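Trainee: Please take a close look at the aromatic contacts in this model. I would like one connected account.

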Amino acid sequence: MAAIAAPPPQPHPPASAHHHHHHRRRARLPRLAAASSSSSSSRFRRRFSSSSSSSSPSSAPSPSPSSSSSSSYGGSGGGGGGEIHYASPPPPPPAAPTGAPVYVTLPADAVGPGGGVARRRAMAASLAALAGAGVAGVAVELWWGVVERQGPGVYDWAGYLELAAMARRYGLRVRAILAFHQCGAGPHDPPWIPLPQWVLEEMDKLPDLSYTDRYQRRNKEYISLGCDILPILKGRSPMQAYSDFMRSFRDAFKEYLGAIVTEVQIGMGPGGELRYPSCPTETLSQAGFSSELGEFQCYDKFMQASLSARAQLIGMQDWGNGGPAGTDGSRQNPEETSFFRADGGCWNTPYGRFFLEWYSGMLLLHGERLCMVADAVFSGSGVTIAGKVSGIHWHYYTCSHPSELTAGYYNTLLRNGYLPITQMFARYKAALCCSCFDLRDEERNNSKSSPEGTLRQLMVAAKMCNLPLNGENSVTRLDDTSLNQVIRSSRLYSGGTSGTSFSFNYVRMNKSLFEFHNWNRFTKFVRQMSDARTFLARLEFRRGQHYLSSMSVVWVVSRACA
């Protein structure tokens, strides 16, 4: 495999040159080129560059040795060999953009199960390419099952610290996603990252720590919120475990917070979203194709105890005996169920309203607890906290919105279920993340579905509360139709008068992103999303130097991934 070598040292410009450039030194980014004598490889040698103020070479610590874990965009193999060397100190992070900055979510297994960066050379080449394309930063999941895998209170941040150092070298910001959920449906569905083994052992001893539906099917994607404050994790409650994780992250990334790590998104449920696992996450990931009503997740003993206590409190003890009847989640037509049907459905009776208020209220309380902890931990650190809401749209044009109800969103024809969530986020100055930005109603396979309607309602609720909004695509694709839809959807949210902002996370980086035609579409998309002056400033280069062309990016990254 061709190596990626550093350029020879360059002489410093004379003092007059410094004066000509307003006394600013422009740090050089690495030259990505194949160390080969062949003329074919030399055609692709180009140099990234960006303007920056001077910084100390010691400001970015050297990364630790790479793990032998595999990466989803780089194939299988070891750590990838040597590392990229740099001709000058790393640039500082770019100024906050004024357009709609684009972030790219890294592969879920960017840090492998052993705690090391998977295929470091491919990752470095990819980050360099993203920086050259004008991307504002990257989003990365920090998995509970990786960081605290060795035992309670034993944290290993080495691989993620290495990623942060790489991002700093290329002037990229980092959005850290603290992922307290599992990744994948099982070992057969890579990348597979379960909860920490010591947590799973506790869930095996006490199955009611798992979400449970009326068929007694257990879901281990995320610990049931019914035991949020109970000391069931070797003497700690789940909330204490999440809090300790956040504090350890804050302390480990102290030098990055506010400058490089600018946002911390708190995982609040399955898939990192504030919701119940009413449908398997792998089903929800097939956006536009799911039509399941979902199942209420209230049958573990902790949720049942809460429901019974609430029913007794209002003097209706019979209402606390299990969840509602007539909610066959295997059906796709709510009119075939006695609970969700429009005419005479139980959802719009006193009992239905009681149950749905309790069910959605428990989810809202869980989110508030996490926001409260995060606000206390990260107060004064310079980072914004955030949470994600799922875009569940396939029964939006019905009266009862059943798939939203089973997920915990009490959103119906008669009630706005998203406004209480955005109001809760606003109390803690948290940003809201939501998907569906790439989906069109024209693509739906169900006349009752409306991703555009769901997104508009979420946007209105966020705007009413002046929340910063982070958009995401629901499907990883780079066709012109979906990218243009993202641009149209993004322009619906222009922020409010209280300093609100909008940005977009492209989910997620993989090898196909760097294929020639896809890369051209993506770089054009970044230009269209960003403010023109901000975008050009990112790509400013020295006279006589060039940043990597689209063809060069494809060649360099493919060689690094080989």
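Mentor: Start with a charge over a ring. The charged end of R175 sits over the ring of Y103, 3.9 Å from the ring centre. Keep in mind that this is a predicted model.

Now the ring pairs. Across the whole structure, the search finds 37 aromatic pairs. One of them joins F180 and Y242: the ring centres are 4.5 Å apart and the planes meet at 40°, so this pair is tilted. F180 lies in the loop between β5 (173-179) and α6 (197-205), while Y242 belongs to helix α7 (residues 238-252), so the contact ties together parts that are 62 residues apart in sequence. Both F180 and Y242 are buried.

Y242 has another partner. The rings of Y222 and Y242 have centres 6.1 Å apart and planes at 25°; the angle is under 30 degrees, so the pair counts as stacked. Y222 sits in strand β7 (residues 218-223) and Y242 in helix α7, so this pair ties together parts that are 20 residues apart in sequence.

Burial next. Y222 has 0% relative accessibility, so Y222 counts as buried. Y242 has a relative accessible area of 1% and is buried.

Then the wider setting. F180, Y222 and Y242 belong to one aromatic cluster, whose members also include W144, Y155, W157, W198, F245, F249, F253, Y256 and F378.

Last, the cysteines. The disulfide count is 0. C227 is buried, at 0% relative accessibility. C465, at 17%, is under the 20% cut-off, so C465 counts as buried.

Technical notes:
Residues are numbered from 1 along each chain as its sequence is written. This is a predicted model: local features need pLDDT of at least 70, side-chain atom pairs count only at pLDDT 80 or more; totals for chains, interfaces and linings use all residues. Side-chain values use heavy atoms; hydrogens and water are left out. A disulfide is a pair of cysteine sulfur atoms within 2.5 Å. Buried means under 20% relative accessible area, exposed over 50%, partly exposed in between (1.4 Å probe, protein chains only). Rings of Phe, Tyr and Trp (its six-membered ring) pair if their centres lie within 6.5 Å; planes under 30 degrees apart count as stacked, over 60 as edge-to-face and the rest as tilted. Helices (H or I, at least four residues) and strands (E, at least two) are DSSP runs, numbered from the N terminus. A charge sits over a ring if NZ of Lys or CZ of Arg is within 6 Å of the ring centre and within 35 degrees of the ring normal.
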